[in-house]
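Here's a quick walk through a few spots in this protein. Have the sequence and the model open side by side as you read.

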Amino acid sequence: MATPQQCRDALDRLAQNLAGADGAVRAAARLDRSLSCHITDLGLTFTGRLRGGTVEVDDAVRQGPPAERAQIRLTTTGDDLVALVEGRLDFVRAWGSGRVRFEAGVRDLLRLRSLL
C-alpha cells in the first residue's frame with residue numbers, strides 16, 4: 001500500500017508533468033479549478049487547484065471530505081494513483097473498470113479529455 005508521502009510525491013510529479021507539457025495537453029490544463037484527490041485506502045483527501053497549467057496541492061484532510069466540494073474530483077487507491085502517474089496504469093481502463101472515479105462538470109470533462 002502506498003504511503004501518504006508517496007501519494008503526495010505522485011501528485012507533485014503530476015504537477016511537474018503538466019508544467020512541462022506543451023500543445024493540447026498544456027492548453028487543456030489552463031483551467032482554474034479546485035481539485036481533490038481522495039485516496040480511499042488511506043482515508044486521505046488531498047486538496048488544491050489546477051491553475052496556470054499545473055497542479056498546486058494545498059492540504060491533506062484525514063477526517064471526511066474537505067469543507068468545500070472541489071470542482072474536479074479524483075478518487076482512487078494510493079497504489080493506483082502512483083501507478084497512474086508513473087504510466088503503469090492506463091487511466092481510461094482504470095476508469096472503465098471502476099478503479100478510478102473522476103468527477104467534474106461536463107464542460108471541464110470535455111476540456112480535460114486530452115489529459116486523460
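Is threonine 75 buried or exposed? Keep in mind that this is a predicted model. Threonine 75 is buried, because its relative accessible area is 16% and the cut-off for buried is under 20%. You'll find threonine 75 in strand S4, which covers residues 72-76. Skipping its neighbours within four places in sequence, threonine 75 is in contact with His38, Thr40, Arg99, Val100 and Arg101.

Now hop over to serine 34, which sits in strand S1 (residues 33-39). Serine 34 counts as buried too, because its relative accessibility is 17%. Here are the two residues side by side:

| Residue | Strand | Relative accessibility |
|---|---|---|
| Threonine 75 | S4 (residues 72-76) | 16% |
| Serine 34 | S1 (residues 33-39) | 17% |

What does serine 34 touch? Leaving out residues up to four places away in sequence, the list is Gly48, Arg49, Arg69, Ala70, Gln71 and Ile72. With glutamine 71 there's a bit of detail to look at: its backbone nitrogen lies 2.8 Å from a polar atom of the serine 34 side chain.

Last stop, the hairpin. Strands S2 (residues 44-51) and S3 (residues 54-61) run antiparallel and are joined by seven bridges. Arginine 51 stands opposite threonine 54 in S3. Two residues lie between S2 and S3 in this hairpin, and glycine 52 in the turn has a positive phi of about 60 degrees.

Note on methods
Residues are numbered from 1 along each chain as its sequence is written. This is a predicted model: local features need pLDDT of at least 70, side-chain atom pairs count only at pLDDT 80 or more; totals for chains, interfaces and linings use all residues. Side-chain values use heavy atoms; hydrogens and water are left out. Helices (H or I, at least four residues) and strands (E, at least two) are DSSP runs, numbered from the N terminus. Buried means under 20% relative accessible area, exposed over 50%, partly exposed in between (1.4 Å probe, protein chains only). Contact means heavy atoms within 4.5 Å. A polar contact is a pair of N or O atoms within 3.5 Å; within protein, one must be able to donate a hydrogen and the other to accept it, and residues adjacent in sequence count only if both atoms are side-chain atoms. Two strands pair if DSSP finds at least two bridges between them.
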